[in-house]
Amino acid sequence: MALSALDIYKLLPKTNCKKCGSPTCLAFALRLLAKKASLEECPDVSEEARRALAQASEPPIRTLVVGPENKRVELGGEIVLFRHEKTFYHHTAIAISVSDNLSETQLKERLAKIKAIKFERVGQQLGINLVALSNESKDVRKFSQVAKTCVSETGLGIILISDNSSCLEGAVKETQPVKPIIYAAGESNLDKLLGLAQTHNLALVLKSENLEATLKISEQVIGKGYKDLILDVSAGNSSQALQNLTILRRLSIIKNFRPAGFPVICFTHAKDKNLEVLEAATYTAKYASIAVVNFIDLESHLSLLTLRQNIYTDPQKPVTVEPKLYEIGSPGKDSPLLVTTNFSLTFYTVSPEIEHSKVPAYLLIADTEGMSVLTAWAAEKFTAETIAKAMKAVNVETKLNHKKIIIPGYVAVLSGKLEDESGWQVVVGPKEASGIPKFLKQLVLV
Ligand code: SF4
């Protein structure tokens with residue numbers, strides 16, 4: 001478990017000499033905890049304490065970075081069991097399986113489909129993160145060539161899956177710049193694959209017959225000084241895999257059990273596509289760093305990636321858009337002016353409806369700290385004063401010939417006060433964004 005300020009304080013000299021710039025050692029411990037100070041700032045800390053602090057301040061789950069520079073994937077690094085305790089930092093990477101036994105046409109088709117899985121949702125780009133290539137051909141040259149094609153066609157990182165160390169070695173050489181993941185070392189091939197991972201500084205997946213045996217190998221590898229590890233917790237059925245995932249997360253976060261403190265990978269097994277999507281969703285919710293799936297259709301991935309986006313959004317920091325005046329279409333001086341909040345989901349619900357109306361308009365986004373309309377109104381963040389302030393900040397009167405502003409129907413109650421604050425006439429718009437097109441088409445402003 002992460003250190004508390006008191007734990008850190010106990011390791012400091014406790015002389016309150018102020019050389020570090022903090023008034024007391026406890027104040028320095030608090031700054032260290034908040035990562036606002038470095039241990040180097042205390043000249044009197046003992047070597048022994050330095051070692052203990054460095055070791056103990058390591059996150060309970062190691063963070064690994066894989067993939068090419070422009071599509072890097074961060075894995076692990078989590079510090080809580082439940083999202084509401086703080087947040088989850090690195091979302092589950094979705095990998096799609098590819099066999100090196102596919103014909104050239106089938107391979108290109110599958111890779112093109114992987115590349116095409118892309119969605120923009122509430123301003124974020126969602127897509128597939130990795131290709132998981134299986135060496136079903138058992139052919140060294142073929143595996144290397146297909147690995148190279150996977151990387152060049154998709155631009156993504158790759159998991160190289162083989163039980164043949166020569167095949168892995170060849171494919172690693174072809175894909176080294178994108179930091180491939182080597183899959184998988186067990187009792188019998190540990191030395192060879194660990195050597196390969198160490199030589200190229202790559203992440204190595206550990207896998208054995210069950211979780212206990214995998215943890216034993218992990219302990220062994222830590223003993224040899226290598227820590228860029230990923231643990232495979234897949235099992236014959238999803239309920240056992242879920243149990244493994246939960247055990248590992250609890251062992252790492254609560255018990256600070258080092259052999260368990262690594263990112264985890266899980267493969268889906270269900271033959272039925274819908275069940276497989278459900279399986280992937282389960283692993284995404286708890287607590288896979290990588291979920292390897294076989295399905296490749298857009299609608300299933302939209303569901304999975306939407307779920308992932310919701311789980312891995314920081315609950316303390318709502319997704320926001322910049323508060324400013326947005327032009328939708330090519331609005332002119334007689335165009336309508338609408339106002340709403342800077343909660344991303346609100347913006348991306350309202351703006352397409354304005355676009356859909358085909359009526360060019362201005363959309364004023366007020367800073368409501370990322371709250372939606374009703375929440376912001378209840379929290380007094382979307383008030384007559386904040387709207388009037390937002391109008392002034394963008395000099396809205398210079399853009400228009402009229403002085404009418406459309407507010408969301410849910411906050412009709414703000415009308416009178418906003419008219420007093422701004423001197424503008426308030427028009428109450430529809431409650432739901434879906435009503436905007438009809439409303440704008442029928443609107444007569446002057
Ligand atoms: Fe304490 Fe070290 Fe800071 Fe002095 S320099 S107050 S000993 S933490």
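## Ligand site and aromatic contacts

The space taken by the ligand is the second largest cavity. The model is predicted. Five aromatic pairs turn up in a search of the whole structure.

**Ligand shell**

- Around the ligand stand Pro13, Thr15, Asn16, Cys17, Lys18, Lys19, Cys20, Cys25, Phe28, Cys42 and Pro43.
- By class, the residues of this shell are seven nonpolar, two polar and two charged.

**Aromatic pairs**

- Among the five aromatic pairs is that of Tyr183 and Phe267, with ring centres 5.2 Å apart.
- The planes of Tyr183 and Phe267 stand at 65 degrees, and over 60 counts as edge-to-face, so this pair is edge-to-face.
- This pair links distant parts of the chain: Tyr183 lies in strand 8 (residues 181-185) and Phe267 in strand 11 (residues 264-267), 84 residues apart.
- Tyr183 has a relative accessible area of 10% and is buried.
- Phe267 is also buried, at 16%.
- Tyr326 and Phe347 form a tilted pair, with 4.7 Å centre to centre and 50 degrees between the planes.
- Tyr326 belongs to strand 13 (residues 325-328) and Phe347 to helix 12 (residues 344-357); the pair links distant parts of the chain, 21 residues apart.
- Tyr326 and Phe347 are both buried.
- Phe88, Tyr287 and Tyr312 form a cluster linked by ring pairs.

**Charges over rings**

- Lys324 places its charged end over the ring of Tyr326, 4.9 Å from the ring centre.
- Tyr326 thus takes part in a ring pair with Phe347 and also has a lysine charge over its ring.
- The charged end of Lys14 sits over the ring of Tyr9, at 5.9 Å from its centre.

Key. Residues are numbered from 1 along each chain as its sequence is written. This is a predicted model: local features need pLDDT of at least 70, side-chain atom pairs count only at pLDDT 80 or more; totals for chains, interfaces and linings use all residues. Side-chain values use heavy atoms; hydrogens and water are left out. A residue is near a molecule or strand if one of its heavy atoms lies within 4 Å of it. On a 1 Å grid over the protein atoms alone, a cavity is a set of points where a 1.4 Å probe fits but cannot get out, and a pocket is an open set with protein on both sides within 12 Å along at least five of seven lines; lining residues have an atom within 4 Å of a point. A molecule sits in a cavity or pocket if more than half of its atoms lie within 2 Å of its grid points. Ala, Val, Leu, Ile, Met, Phe, Trp, Tyr, Cys and Pro count as nonpolar, Asp, Glu, Lys and Arg as charged, and the others, Gly among them, as polar. Rings of Phe, Tyr and Trp (its six-membered ring) pair if their centres lie within 6.5 Å; planes under 30 degrees apart count as stacked, over 60 as edge-to-face and the rest as tilted. Helices (H or I, at least four residues) and strands (E, at least two) are DSSP runs, numbered from the N terminus. Buried means under 20% relative accessible area, exposed over 50%, partly exposed in between (1.4 Å probe, protein chains only). A charge sits over a ring if NZ of Lys or CZ of Arg is within 6 Å of the ring centre and within 35 degrees of the ring normal.
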